[in-house]
Amino acid sequence: MRYIKKITEYQNEYDAEGNVTGSTETERVIEYRGYQMGNSWMSTQEWIGYEGTLPVSRLDIVDGDVVELPELEPAEEWVDKGAFVNAVTALIPEDQRQTVALQWQTIWGIAQLPGELVNLRDLRIPAFLAGMHLSVDAVREQLSA
């Protein structure tokens, strides 16, 4: 069994002269890393037993109970620009590719993207794909095919 506890940390804020102007309070969950002291000692010290396997970053303590938090979706999902272009092209019916190619250059333009990667979580990508009646999920499927 693992033991966890919610702690409050304080961070002072300073002005240009070094005077304390306030403080910020942050709560986080930590895991006990010392010797096993027994359930009653752990309870007295306000540690709560947890038998799961999630990291403490995915745990919270609410009203004395451990709560498992959902996994956060990543903010970025980078794919190769060439693979992205190929996937989008493959999803467009052949008879519409010329029209879409013109739209591609005038509406948003893949050529304007910096670097060799495209972030599928960039909010402009779904808007761009919607103009061709495509979705990010369809592109993901095509990329993994």
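This is a predicted model: local features need pLDDT of at least 70, side-chain atom pairs count only at pLDDT 80 or more; totals for chains, interfaces and linings use all residues.
Let's begin with the whole chain and then look at how its strands pair.

**The whole chain**

- The protein chain has five helices and seven strands.
- Read from the N terminus on, these elements follow the order β-β-α-β-β-β-β-α-α-β-α-α.
- The radius of gyration of the protein chain is 25 Å, whereas the globule rule gives 15 Å for 145 residues; 25 Å is well over that value, so the chain is more spread out than a compact globule.
- If you draw a box along the principal axes, the C-alpha atoms of the protein chain fill roughly 75 × 50 × 25 Å.

**Burial and contacts**

- Of the 145 residues in the protein chain, 23% are buried.
- Take the contacts in the protein chain with a separation of 6 or more: residues 24 or more positions apart account for 57% of them.

**The open sheet**

- Which strands form the open sheet, and in what order? Three strands build it in the order E2-E1-E3, and their pairing is antiparallel.
- Strand E2 (20-31) and strand E3 (48-50) are the edge strands, as each of them pairs on one side only.
- From one strand to the next, the twist averages 35 degrees.
- Strand E1 (residues 2-14) is joined to E3 by three bridges, in the antiparallel sense.
- To find a bridge between these two strands in the structure, look for Tyr3: its bridge partner in E3 is Gly49.

- Strand E4 (residues 59-62) and strand E5 (residues 65-68) run antiparallel, with four bridges joining them.
- Across this pairing, Asp60 stands opposite Val67 in E5.
- How many residues lie between the strands of this hairpin? There are two residues between E4 and E5, and in this hairpin Asp63 takes a positive phi near 50 degrees.
- E4 also shows you two faces: Leu59 and Ile61 make up the covered face, while Asp60 and Val62 make up the uncovered one.

Notes. Residues are numbered from 1 along each chain as its sequence is written. Side-chain values use heavy atoms; hydrogens and water are left out. Buried means under 20% relative accessible area, exposed over 50%, partly exposed in between (1.4 Å probe, protein chains only). Two strands pair if DSSP finds at least two bridges between them. Axes are lines fitted to C-alpha atoms, for helices over the stretch in contact, and angles run from 0 to 180 degrees between N-to-C directions. The radius of gyration is taken over C-alpha atoms; the globule rule is 2.2 Å times the number of residues to the power 0.38. Contact means heavy atoms within 4.5 Å.
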